[in-house]
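Trainee: I am new to this one. Can you take me through it?

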Amino acid sequence: MKNFKHARSRRRLNPLMLIGVLFTTVLVAGGAIFVFLSPHQDTRAADEDAPNPNCTLIVPANPLSAQGLATPYQLAATNGKKGACHEKNPAQSAFVQAAIIDPATGKVSIYDPLVVDKGRQPAADTTVPQLPQGAIVGIWFGYNGDQLTLKGQNNSLQDGNCVNGLNKSVFGQFAYCNAPAFFKAANQAIQSGKLVPPALGTGSDGKPCPTVRDFTVVDQDQSDNLTTIYLLTNNGKMAQATATNIAKLPNATIITNGSDNGLVARALDGALGCKPWTAPNLADPGQMEASLPLNELLAAAHPTNPVALIPGGDPMVLVGDNQSLTKTNLYRAGVNQPQINSLNEASTKTYCTNLLDVAVPRMKLDAPITRQQPTPDAGAANTLFTFLAQRFNNTWGADGLNCQNLLDQRSPIKVKTNGDGVAIAASFGNNNNNGDNNGNKKNKNNNDNKKNKNNNNSDKGNNNDNKDGNNKNNNDNNNDNNDQANNNTNNNQDGNNNQDNNQKQQDGNNDNGAKATPTAHSTKQ
């Protein structure tokens, strides 16, 4: 398993830090599969330590049908000259998750289709789900590398209403098929009372339990990736992570997709005594499963103030280095978020201000709890607290949302790392360290900052947002300086080729942009 947000060209962590960190212990109890972390020794040769970050996932025929769900997706290299792609490699693993709703009853169920290497067979037969008559199926994709491209088979992309991005500009680690139709049916079921989201609940810190639209959870690219887990055998074959397969393959390792969804449903909910919304797993009778669609529906049913929604500066919705109204709306459509008419409605500067005002105080409040919790990624941090701290700083910095320049303010969190780059301590206060681990790289001549010029431009219309942004947190930052963690413990090739008319919207000045149509805009190889 890798960190809850995997490294990419615009993202935080070096993927080489994360290779070989996998889930290895499974307990089936109380109708759910619980997964525990432990490091996994990496035995690959040094020349394999720079895997091809861009892979293609072949979507089977009739992907929304029961047989299509049960047919394994196949992983292959997008460009074979850059190296092969292997599902067993945690820096290349792709994941699939489906949700099924019965419009007649409003009942929702989950099914995790399997991914295998192209040309390989699974370690165990997949379960063919029993779908209700008239079922509406949505499918979501997650990825541990940089750019995941969907490739059709027998017209599968069109049949599945698949969206990989905008034209040739893929989202990156995220894609979906038929998600808007699923969410439309689910929202109608909620409005009619057929589908009832559970109460959000209160965490052990006295605050509402976090959701995927909570600024205490999100980072630079919220709502991406999945809760799906797979079994990996010693001979490199994959299997669905069902109770039957776990018993049949006792030496198998579990791999997972780092995500906001996993962070909430596993780490934060577990730490704060909260519970995710779960539904029956059609691949594993008797088991319940959390999922991206249920997380989004729960967050929509219980909005916090302010609500975190995908901003225009999210790396996954950029076209090249430019913000795109259409691509932002396409992404939002896949995660049940409202469409916008102007990029001014998705201000990255406002998003950064809310991160500062909401995430930092709760991180401080929860520190006594999160310091005692295991890290979601041993390659990034030694506790849940230090993991959240380094994650915030990576989001804050020039390679994240570039909040430091948008607000002209350093991160209020100082992170200490060891020689391997693992966060081992964090404190709150005035941060005078310009190191990479503290979100304060301010070399404006650095080529890495080119992509952030558009963040600054698109937010010029929001100058009234944050005049107090530089001083808002001074009181917070003067305390808890000794709040230390326990030391024991898209390379978008298409930016220059983009033919769509969204480039003229990159500064957020066009208020008349058309709403995105959530239909097939998938890259087809």
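Mentor: Start with asparagine 62. This is a predicted model, and in it asparagine 62 has a relative accessible area of 46%.

Trainee: Why is asparagine 62 called partly exposed?

Mentor: Buried means under 20%, and exposed means over 50%. The value for asparagine 62 is 46%, so asparagine 62 is partly exposed.

Trainee: Where is the place of asparagine 62?

Mentor: Asparagine 62 sits in the loop between strand E3 (54–58) and helix H2 (66–70).

Trainee: Which value does phi take at asparagine 336?

Mentor: Phi of asparagine 336 is near 65°, also a positive value in a residue other than glycine. Asparagine 336 lies in the loop between helix H8 (325–334) and helix H9 (348–370).

Trainee: How do you know whether asparagine 336 is buried or exposed?

Mentor: Set its value against the cut-off. Buried means under 20%. Asparagine 336 has a relative accessible area of 16%, so asparagine 336 is buried.

Trainee: How much of the chain is buried?

Mentor: Buried residues make up 58% of the 525 residues. The chain comes to 13 helices and 22 strands.

Trainee: What is the peptide bond from asparagine 305 to proline 306, cis or trans?

Mentor: That bond is cis, with omega near 5°. Most peptide bonds are trans. Proline 306 lies in the loop between helix H7 (292–301) and strand E19 (318–319).

Conventions. Residues are numbered from 1 along each chain as its sequence is written. This is a predicted model: local features need pLDDT of at least 70, side-chain atom pairs count only at pLDDT 80 or more; totals for chains, interfaces and linings use all residues. Side-chain values use heavy atoms; hydrogens and water are left out. Helices (H or I, at least four residues) and strands (E, at least two) are DSSP runs, numbered from the N terminus. Buried means under 20% relative accessible area, exposed over 50%, partly exposed in between (1.4 Å probe, protein chains only).
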